[in-house]
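Student: Could you take me through a close look at one part of this model, the sheet and the aromatic rings around it? I would like one connected answer, please.

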Amino acid sequence: MTSLTLFTPAGALAKAEPLKRAARRLGQLGFDVAIDADALARHQRFAGDDATRLAALHRIADAAPSVALATRGGYGLTRLLDRIDWGRIAHSIEHGTRWVGYSDLTALHNGLIARHKGLPMWAGPLACDDFGRSEAEGGVDEVTRDCFVEAMSGALEAVGFRESSRGSDGGFDGLEARGRLWGGNLTVLCSLLGTPHWPKVKGGILFLEDVNEHPYRVERMLLQLQQAGVIDAQAAVLLGDFSGAAKSPLDRGYGIKDAVAALRARTRTPVLTGLPFGHVRTKVCLPIGATVELYVQGREAILGWQSDPRLAHAAHDHGHDEGAHRH
């Protein structure tokens, strides 16, 4: 049975019930679930003070469970970046731990890439947000669930999506790109620029998402990355979900499509939309830090990678055959 530890590295959990519900559901999926001792800790808006959350990270790294799944995001990991023992995190990954999450986990993911290229973490669901919803709130999304189970078993080797808007050149049919996958939440990623925690990736495949940020703010951050030379240095950019922001009467039709168009007008790097990832119910799992290959045929895109041979035993124990899984 695959060991899975739930931990809270950033924002505090408002209630215990979603955590208990997530643990129960993950157990029903075949995981041997443990809850970190400080998963329900609280200090101001954080899941315990900085020392408590840092200790939890190091405690889990030393224990090296098969899966370390964050309960939620919020804000808090940025406070810890200068104090994390990255060698301990890397050591856990080398011994098979898959660190999973998104949103504020972007800081942890990219901080590791900045120091240990080639050691993947997983951009994927959060325990309470994705496995802790009550049935009245919609329960667990089946695609998110199945993709997570296959990724954690070592069976997931590809995800697919439909490019949702045509590029400035009429489309990306025939595009092929290969590079390191990195990125995550746009706001958190931009906060790392100019710090030791910024991953200096060239020729990579950058994926981005955000929530509750007005399109003009999204555009401003995208242009910041472009003006800093980041976008132009990539093989491709994949945009996930950008939703939740209230419209302004000043917009007069301006929206996310216009923000994307403004970026495309300033770079030759292919900018694709439609990646099923972000603060949405249905999301795929992505091996952030790993080398991936992107293929586009028509408007259908496939993002593939080689499964980690270290996960083969976990795949066998979890009862899944290895192979590609596409959504």
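Tutor: Let's start with a residue position: N185 stands opposite E209 in β8. The strands in question are β7 (residues 176-185) and β8 (residues 205-211), which run parallel and are joined by five bridges. Strands here are DSSP runs of E with at least two residues, helices are runs of H or I with at least four residues, and both are numbered from the N terminus. Two strands count as paired if DSSP finds at least two bridges between them.

Before going on, please keep in mind that this is a predicted model, where local features need pLDDT of at least 70, side-chain atom pairs count only at pLDDT 80 or more, and totals for chains, interfaces and linings use all residues. Residues are numbered from 1 along each chain as its sequence is written, and side-chain values use heavy atoms, with hydrogens and water left out.

Now the sheet itself: seven strands form an open sheet with mixed pairing, in the order β6-β12-β11-β7-β8-β9-β10. At its edges stand β6 (158-162) and β10 (271-273); each has a single partner strand, so one side of each is left without a neighbour in the sheet. On average, neighbouring strands of this sheet are turned by 30 degrees against each other, direction ignored (axes are lines fitted to C-alpha atoms, for helices over the stretch in contact, and angles run from 0 to 180 degrees between N-to-C directions).

Next, the rings. Rings of Phe, Tyr and Trp (its six-membered ring) pair if their centres lie within 6.5 Å; planes under 30 degrees apart count as stacked, over 60 as edge-to-face and the rest as tilted. By this rule there are eight aromatic pairs. In one of them, F131 and F148 have ring centres 5.4 Å apart and planes at 55 degrees, so the pair is tilted. F131 lies in helix α5 (residues 127-131) and F148 in helix α6 (residues 142-153), so this pair ties together parts that are 17 residues apart in sequence. F131 is buried at 1% relative accessible area, and F148 is buried at 0% (buried means under 20%, exposed over 50%, partly exposed in between, with a 1.4 Å probe and protein chains only).

W182 belongs to strand β7, while W198 sits in the loop between α7 (186-191) and β8, 16 residues apart. W182 is buried at 0% relative accessibility, and W198 is buried at 10%.
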